[in-house]
Amino acid sequence: MTFLTVRPGDSIAPSRIGVLLTNLGTPEDTGYGAVRRYLGEFLSDRRIIEAHPAIWQPILRGPILTLRPRRTGRAYRRIWNQERDESPLRTYTRAQGEALAERLAPDGVAVEWAMRYGTPSIASGIAALLQRGCERVLLLPLYPQYSATTTATANDQAFRALMRLRNQPAVRTVPPFSDHPLYIAALARSVRETLAGLPFVPQRIVASFHGLPRVYVEKGDPYAEDCTRTMVALRQALDMDETAMPLTYQSRFGPAQWLEPYTAPLIAGLPAQGITRIAVIMPGFMADCIETLDEIGNEVRAEFLAAGGTDFALIPCLNAAPATIDLLEGLARQELAGWLPARSA
């Protein structure tokens, strides 16, 4: 669908609608310098670390950015997409954007993808849509559960780019979709397909979400509620209860108390309870990345096996499976209502 727009001195030209997918980000390579730059940008975000810069920056620029890039770089090397020479997160986010673009192309909708930290930047994604003639832009953060540390900071960055424009496009944002039927259906399908291909039957399916400092939730961040909402819907879809599919939180950073229960110690403690065969799903991640493939797939797996576990399976994230693109298309069309014509039944 196109809209006719007339500006003084211009000829009549069609306007376009654009969708910008946004994800967290990735270093350009696994070397010390690239990882240090990425971590420096990520951990300087006041949405991520709320401590005053006068207190936090000396700590960040001192021991953290001196020591952490080497360890993080080793982790990235373990899961790096060697064929494309990039992180899996970039590979899958690009694939999601390209597949969604194919779905929306018949409606004249342009699609770009971007990263909150690193490249391609959100500002460059918006610029690309504007260069393609888009005068209406839908921001679609790839975070099913809302948090100020994810959804909000991605939108913040988009709005910063818009603040520098003299001629802004009309903008909408996609809300969190923690229990959207298409999202839950995609997760349930991923679980069923993975279990059907395993040589063992898991005694538990542990759900692991990225953690968040508890104080953030106490200040009003609804993230924990959204995670619970996801699990209630997913358990119902799979006919499971809290015992069969517990909710946990991973990726703690620093000394503060984070949301509990923590993933790693819970999983490491299962063999002592006679639970030696498990699968792990990470519902909060729309694409496999260092937190899923290495933290869970390598580190937590090793701890579980060392504690006496016998079988450990990683349920892939939604990535670019057809059900994932169904979800992204459904979310986009839902929020583009009024910009796109209603589809005939």
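**A helix and what lies around it**

Guide: Start with helix 3, residues 88–104. Helix 3 has 17 residues and reaches 24 Å from its first C-alpha to its last, close to the 24 Å expected at 1.5 Å a residue. That expected span is 1.5 Å times one less than the number of residues. Helices (H or I, at least four residues) and strands (E, at least two) are DSSP runs, numbered from the N terminus. The model is predicted, so local features need pLDDT of at least 70 and side-chain atom pairs pLDDT 80 or more, while totals for chains, interfaces and linings use all residues. Numbering runs from 1 along each chain as its sequence is written, and side-chain values use heavy atoms, without hydrogens or water.

Which residues of helix 3 are buried? They are P88, L89, R90, T91, T93, R94, Q96, G97, L100 and L104. Buried means under 20% relative accessible area, exposed over 50%, and partly exposed in between (1.4 Å probe, protein chains only).

Take T91, which sits in helix 3. Its relative accessibility is 15%, so T91 counts as buried. Leave out residues up to four places away in sequence, and T91 touches N81, R84 and E86. Contact here means heavy atoms within 4.5 Å.

Now step back to the loop between helix 2 (53–79) and helix 3. D85 has its place there. D85 is not a glycine, yet its phi is positive, about 55°. Most residues other than glycine have a negative phi, and most peptide bonds are trans. S251 lies in the loop between strand 7 and helix 9. With a relative accessible area of 14%, S251 is buried.

Two peptide bonds deserve a stop. The bond from E260 to P261 is cis, with omega near 0°. P261 is in the loop between strand 7 (247–250) and helix 9 (263–268). The bond from T119 to P120 is cis too, with omega near -5°. P120 belongs to the loop between strand 3 (109–118) and helix 4 (122–131).

Back to helix 2. Its axis and that of helix 10 (residues 290–306) come within 10 Å and cross at roughly 90°. Axes are lines fitted to C-alpha atoms, for helices over the stretch in contact, and angles run from 0 to 180 degrees between N-to-C directions. Helix 2 and helix 10 are therefore roughly perpendicular to each other. The cut-offs are under 35 degrees for roughly parallel, over 145 for roughly antiparallel and 65 to 115 for roughly perpendicular, with the rest oblique. From helix 2, T72, A75, Y76, R78 and I79 meet I290, L293, D294, N298 and E299 of helix 10. The residues of this contact divide into five nonpolar, two polar and three charged. Ala, Val, Leu, Ile, Met, Phe, Trp, Tyr, Cys and Pro count as nonpolar, Asp, Glu, Lys and Arg as charged, and the others, Gly among them, as polar.

The largest nonpolar core has 69 residues. Such a core is a set of buried Ala, Val, Leu, Ile, Met, Phe, Trp, Tyr and Cys residues joined through side-chain atoms within 4.5 Å. V19 and V280 have the most contacts inside the largest core. Helix 8 (residues 223–238) gives the most to it, with seven residues. Apart from residues up to four places away in sequence, V280 touches V206, S208, I267, I296, F312, A313, L314 and I315. A second, separate core of 32 residues includes L39, Y76, I79 and Y117.

Finish with another helix pair. Helix 6 (residues 181–196) and helix 11 pack at about 175°, their axes 9 Å apart. That makes helix 6 roughly antiparallel to helix 11. L182, Y183, A186 and R189 of helix 6 make the contact with A323, D326, L327 and G330 of helix 11. The buried residues of helix 11 include A323, L327 and E329.

The C-alpha atoms of P144 and E329 are 14 Å apart, though 185 residues separate the two along the chain. P144 is found in the loop between strand 4 (134–141) and helix 5 (148–163). Its relative accessibility is 0%, so P144 counts as buried. Beyond its neighbours within four places in sequence, P144 is in contact with residues including P176, Y183, D226 and M286.
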